[in-house]
Amino acid sequence: MSRAEDGSRLWLRFGQHRVASSRFSGIEADKTLFAVQELQKAWKQLYGNELDSKNRGKELLVIGTLHSRVIQSLKLDNEVAPLGNEGYVIKTVTSGNIRRTVIASTGKAGLLYGVYHLLRLIQTDELSDQLDIKEKPSYSIRILNHWDNLDGSIERGYAGHSIWKWEELPKTISPRYVEYARANASVGINATVLNNVNASPNILAKEYLEKVKILAGIFRPFNIKVYLSINFSSPAALGGLPTSDPLDPSVRQWWKNKVDEIYRLIPDFGGFLVKANSEGLPGPQDFGRTHADGANMLADALKPHGGIVMWRSFVYSASDEDRAKQAYNEFMPFDGQFRDNVIVQIKNGPIDFQPREPFSPLFGGLKKTAVMPEFQITQEYLGQGNHMVYLAPMWKECLDSDTYCEGKGSTVERITDGSLFNRKISAIAGVANIGEDTNWCGQDFAQANWYAFGRLAWNHRLSSEQIATEWLRMTFSDESSFVEPAKKMMLESREAVVNYMMPLGLHHLFAWEHHYGPEPWCDIPNARADWMPKYYHKADTTGLGFDRSMTGSKAVEQYYSPLREEFNNIATCPEQYILWFHHVPWNYKMKDGKTLWNELCMYYDKGVKQVKSFETIWNSLQSYVDSERFKAIKAKLAIQEHDAVWWKDACLLYFQEFSKQPFPVDIEPPANKLDDLKKIKLHMLSHN
Ligand code: GCV
């Protein structure tokens, strides 16, 4: 069993995996290289001392760029050069009687990633005798989006306050900044947006930029660039101009000056992330201008410095149009009108990070515009700080989706990594789940999602299983009798949460405001229709689900053939999306022969059973895990079981009022009464 552990070291628990001795007897490298310093720090924890640069024994570890003499002598140019600055080769070569394992790259960043790769192989006990590894990242920008506010709070954050101590900066430097950077670099994350997309104009004030500069300086050696979310009305709100109209020359000049000021402080600043004309935030439409006008103005200011604009497509208004169609309708007219340093950031699904959504039709829809996926690592809609849900399968489901925009094989992955349309920039964003909690993410298993986001951004071909295996071995134990059952639980967890919350394409059944528990009945007088569950589930005596087929909102039209026909036809629509695209009669026969009602009951019941099985598995793993983390996870799983039952009972009892059918005999009957569940208000729950 591993020793007591508070989770603060994440997956970088080198001391925990101390191996008796290393096969490497010495190192040949420029010790001023940051990658070498990182390696030596880890080595000390792994083996008790640094690798010796004088010792020549059995096998040397060699680290260097193509400029270094020893790498040149090994003639690896042809292998290394095509991999770019961040790519690397790790190769074991023998010349004469000297054996060397070489980490080589064209850039220092590549060396750093190569070092973390080697360390990962050691930590997971996968260091083979003869290494021959070539890696380069799938995406050029692999970025975290922090929804952290300047007052230290975090929008949809479930791991305590922000790790950015704005009030202490620039004088006081929290040790967490370096630890944060190292954790990110170890999984290949190379960029971060420090502040919430619901941005305060103050982030661009001189006082804050001085603080940002300090963070950028700490992150720089780790190859992490800093970006900022901006408020579109900053010229007026911060600069005192009478307008923030993007076509007004004084506004354009204000942005140019502001950007120049930023680059004087932070020469490698990455650029801006923008939420505009969305959920009440200001934007170009306030001045009769378009998304393209707004994005291009910022892009023009950033261009001379090499900066980019990530412009979000998460827009919808209180109109009569199906919310799922709005972003597409709003952005498609501007395809091809954005500057080449603008990239449109698109949430994986058309609504909002629900447990399961089909992919957003903007992927593949926008063919003349660079686009990037936005995933949510923080579990706003997936049990927040409490539920164990491993998200890699959900993200891969989106990336693997075939849009058919250029015929078969036009996957979201190929569109966003730049390969399908030969884009100059490619990027992928994850909304961070990081806070000042000791274990960073509020619950130990949520660390796996930070890890998985980085690993997938680096290599989107990795399987969810491979990533889970790595993470478990590094974070807990590499004994397969631990890893296999724990991995099974992780891999099933996303499907379980879909089952107990919103199976068969149901979405947004969440309680008003907090998005934690169920409130399919929610009815707030005078509230926006599209902020209430009834808008989405449309339960009535005839059936359940949102008709987005050609007889309904026609959202299916936004997809390419053959998907639009497949989704449009209730008989061919994948059942996991059936209630997303169709209003389905309660007695509709599903593929397994059950009626919709019985199928729905079966899924909710299955979700609860799955969570119970996770508890059984976890209890069986006690001997492998230190008591601190064992107990913390056990307690979270108990909450998850409670909540799964709550979800199942609330949804089934409520929908039963419409289906008017009994619960099938083979499911566990509800443990609660609907009236009691309706009385639950979140502040009554101690665990949230
Ligand atoms: C940052 C959802 C969330 C909001 C979030 C918004 C967005 O609506 O509930 O908290 O705001 O998405 O992604 O902009």
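**Briefing: domain contacts and local geometry**

The centres of domain 2 and domain 3, taken over C-alpha atoms, are 31 Å apart. The model is predicted, so local features need pLDDT of at least 70 and side-chain atom pairs count only at pLDDT 80 or more, whereas totals for chains, interfaces and linings use all residues. Residues are numbered from 1 along each chain as its sequence is written, and side-chain values use heavy atoms, with hydrogens and water left out.

**Domains**

- The domain assignment of the protein gives domain 1 (14–135), domain 2 (141–462) and domain 3 (499–546 + 583–678); such bounds come from an automatic or database assignment.

**Interface between domain 2 and domain 3**

- Contact, meaning heavy atoms within 4.5 Å, involves 23 residues of domain 2 and 26 residues of domain 3.
- About 2,100 Å² is buried between domain 2 and domain 3, and carbon and sulfur atoms give 56% of this area. Buried area is the accessible area (1.4 Å probe) that two parts lose on being put together, summed over both.
- On the side of domain 2, Tyr381, Asn386 and His387 lose the most area to domain 3, together 26% of what that side buries.
- Between domain 2 and domain 3 there are zero salt bridges (a side-chain nitrogen of Lys or Arg within 4 Å of a carboxyl oxygen of Asp or Glu).
- Polar contacts link 14 residue pairs between domain 2 and domain 3, both residues being at pLDDT 80 or more. A polar contact is a pair of N or O atoms within 3.5 Å; within protein, one must be able to donate a hydrogen and the other to accept it, and residues adjacent in sequence count only if both atoms are side-chain atoms.

**Aromatic pairs**

- The count is 46 aromatic pairs, where rings of Phe, Tyr and Trp (its six-membered ring) pair if their centres lie within 6.5 Å; planes under 30 degrees apart count as stacked, over 60 as edge-to-face and the rest as tilted.
- The pair of Trp11 and Tyr451 is edge-to-face because the ring planes are at 70 degrees, with the centres 5.1 Å apart.
- Trp11 lies in the segment before strand S1 (26–29) and Tyr451 in helix H14 (residues 447–458), so this pair links parts of the chain 440 residues apart. Helices (H or I, at least four residues) and strands (E, at least two) are DSSP runs, numbered from the N terminus.

**Backbone features**

- The peptide bond from Leu169 to Pro170 is cis, with omega near 0 degrees; Pro170 is in the loop between strand S6 (141–145) and helix H5 (176–187).
- A cis peptide bond, with omega near 0 degrees, also runs from Ser561 to Pro562.
- Asp125 is not a glycine, yet has a positive phi of about 60 degrees.
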